Amino acid sequence: MTPHRLVARFHSVSWRLAALALAACACANTQHIATDRLIPTLQISQKTGHIPVLSVKLVHTYPHDPHAFTQGLEYYGGYLYESTGIAGQSTLRKVALDTGQVIQKVSLPSEYFGEGLTIFRGKIYQLTWLSKKGFVYDLRTFRRIGEFPYDNEGWGLTHDDKSLIMSDGTNKIRYIDPVSFAVTRTIELYAEGQGVVNLNELEYVKGEILANIWHSTRIARVDPRSGQVVAWIDLSSIVAKEPHRQEEVLNGIAYDKSAARLFVTGKNWSKLYEIRVAGNLR
């Protein structure tokens with residue numbers, strides 16, 4: 001069994017049940033084992049007549065570390081900041097956009113599986129998957145200056161002007177106070193009346209939340225007031241450019257506000273792609 005299949009994530013309920021069953025058989029690290037039968041079916045409507053599906057245009061291609069299991073991505077001050085996963089290999093890193101060179105890096109303790117990341121008010125916030133703990137770092141030095149708890153799994157992380165915004169693999173997105181870390185608001189995502197689960201990496205762009213859907217080639221554009229998916233961004237043309245194995249899926253959204261540039265990548269992808277969405281983001 002390859003290392004990539006050993007680290008496949010059991011984020012949905014069916015995956016967790018499968019992990020429990022395997023644990024009963026005394027199998028080690030079952031939460032990181034995947035089989036084709038265990039890939040969850042996305043609970044989204046197949047009727048897209050009322051929700052526009054937007055195509056993308058490739059603007060530019062940049063190098064990306066093919067060994068970076070991308071879980072969180074953000075553009076800030078001319079650099080990419082990235083959180084990578086896999087217990088024992090998880091990192092926080094600062095990356096040069098044009099070259100893909102890692103400028104600065106810190107490794108997480110081996111028991112943590114790195115997840116979503118965002119930069120807010122001069123601090124870096126990073127989630128972990130199953131540990132129910134996030135880390136706070138000094139933006140300049142990468143020195144860890146704090147921790148924060150949460151009751152659910154950690155998947156994606158972004159922010160608006162006031163709050164951290166977090167996904168946990170369900171159809172719920174939680175708003176978190178950046179000082180007390182209390183949940184101040186929860187929204188549930190729906191598309192044509194059906195819940196959209198497996199919400200992964202998040203990015204806040206022009207008043208909307210962009211959400212990767214795990215094991216999907218689409219990004220959801222979400223109205224944070226209603227929780228409704230207002231459009232799907234179809235990235236199948238980008239995904240097709242990147243040969244990848246089962247768990248090396250699309251995941252990673254970063255937005256350069258100053259130049260209105262949108263970047264996407266995936267887990268262990270060799271490229272990062274600058275794209276333009278048809279009709280632009282409002």
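## A look inside the chain

The largest share of the lining of the largest cavity, 3 residues, comes from strand E5. Helices (H or I, at least four residues) and strands (E, at least two) are DSSP runs, numbered from the N terminus. We are looking at a predicted model, in which local features need pLDDT of at least 70 and side-chain atom pairs count only at pLDDT 80 or more, while totals for chains, interfaces and linings use all residues. Residues are numbered from 1 along each chain as its sequence is written, and side-chain values use heavy atoms, with hydrogens and water left out.

**The chain as a whole**

The chain holds 3 helices and 23 strands. Of its 282 residues, 55% count as buried; buried means under 20% relative accessible area, exposed means over 50%, and partly exposed lies in between (1.4 Å probe, protein chains only). Contact means heavy atoms within 4.5 Å. Among contacts between residues at least 6 apart in sequence, 54% join residues at least 24 apart.

**Empty spaces**

Rolling a probe the size of a water molecule over the atoms shows where empty space is left. On a 1 Å grid over the protein atoms alone, a cavity is a set of points where a 1.4 Å probe fits but cannot get out, and a pocket is an open set with protein on both sides within 12 Å along at least five of seven lines; lining residues have an atom within 4 Å of a point. Grid points are joined across faces, edges and corners, and a volume is the space filled by probe spheres set on the points.

By this rule, the model has 1 cavity of 30 Å³ or more. The largest cavity has a volume of about 70 Å³. Its lining has 13 residues, and Pro63, His64, Asp65, Val95 and Gly100 lie nearest the centre. At least two lining residues come from each of strand E2 (56–63), strand E4 (79–84) and strand E5 (91–96). Sorted by class, this lining has 8 nonpolar, 2 polar and 3 charged residues. For these classes, Ala, Val, Leu, Ile, Met, Phe, Trp, Tyr, Cys and Pro count as nonpolar, Asp, Glu, Lys and Arg as charged, and the others, Gly among them, as polar.

The largest pocket has a volume of about 440 Å³. It is lined by 16 residues, with His159, Glu203, Tyr204, Tyr255 and Lys257 nearest its centre. Two or more lining residues come from each of strand E3 (70–76), strand E7 (114–120), strand E11 (157–159) and strand E17 (199–205). The pocket lining divides into 6 nonpolar, 4 polar and 6 charged residues.

**An open sheet**

Strands of a sheet pair through backbone hydrogen bonds, either parallel or antiparallel. Here two strands pair if DSSP finds at least two bridges between them. In this model, 5 strands form an open sheet in the order E1-E20-E19-E18-E17, with mixed pairing. E1 (53–54) and E17 stand at the edges with a single partner strand each, so one side of each has no neighbour in the sheet.

E1 and E20 run parallel and are joined by 2 bridges; Leu54 stands opposite Ile233 in E20. E19 (residues 218–222) and E20 (residues 229–234) pair in the antiparallel sense over 5 bridges. Ile219 has Ile233 of E20 as its bridge partner, and Ala220 stands opposite Trp232. The hairpin of E19 and E20 has 6 residues between the strands, and there Gly227 takes a positive phi near 80 degrees.

**Nonpolar cores**

In soluble globular proteins, nonpolar side chains tend to be buried together. A nonpolar core is a set of buried Ala, Val, Leu, Ile, Met, Phe, Trp, Tyr and Cys residues joined through side-chain atoms within 4.5 Å. The largest one has 19 residues, and Leu235, Ile238 and Ile275 have the most contacts inside it. E20, helix H3 (236–239), strand E21 (250–256), strand E22 (261–266) and strand E23 (271–277) each give two or more residues to this core. Leaving aside neighbours within four places in sequence, Ile238 is in contact with Val56, Leu58, Val264, Trp269, Tyr273 and Ile275. A second, separate core has 17 residues, including Tyr175, Ala191, Val196 and Ile209.

Val95 sits in strand E5 and counts as buried at 8% relative accessibility. Not counting residues up to four places away in sequence, Val95 touches Tyr79, Leu80, Glu82, Gly100, Gln101, Val102 and Ile103. Val249 lies in the loop between H3 and E21 and is buried too, at 7% relative accessibility. With neighbours within four places left aside, Val249 is in contact with Trp214, His215, Gly266, Lys267 and Trp269.

| Pair | Apart along the chain | C-alpha separation |
|---|---|---|
| Val95 and Asp65 | 30 residues | 9.6 Å |
| Val249 and Phe69 | 180 residues | 9.4 Å |
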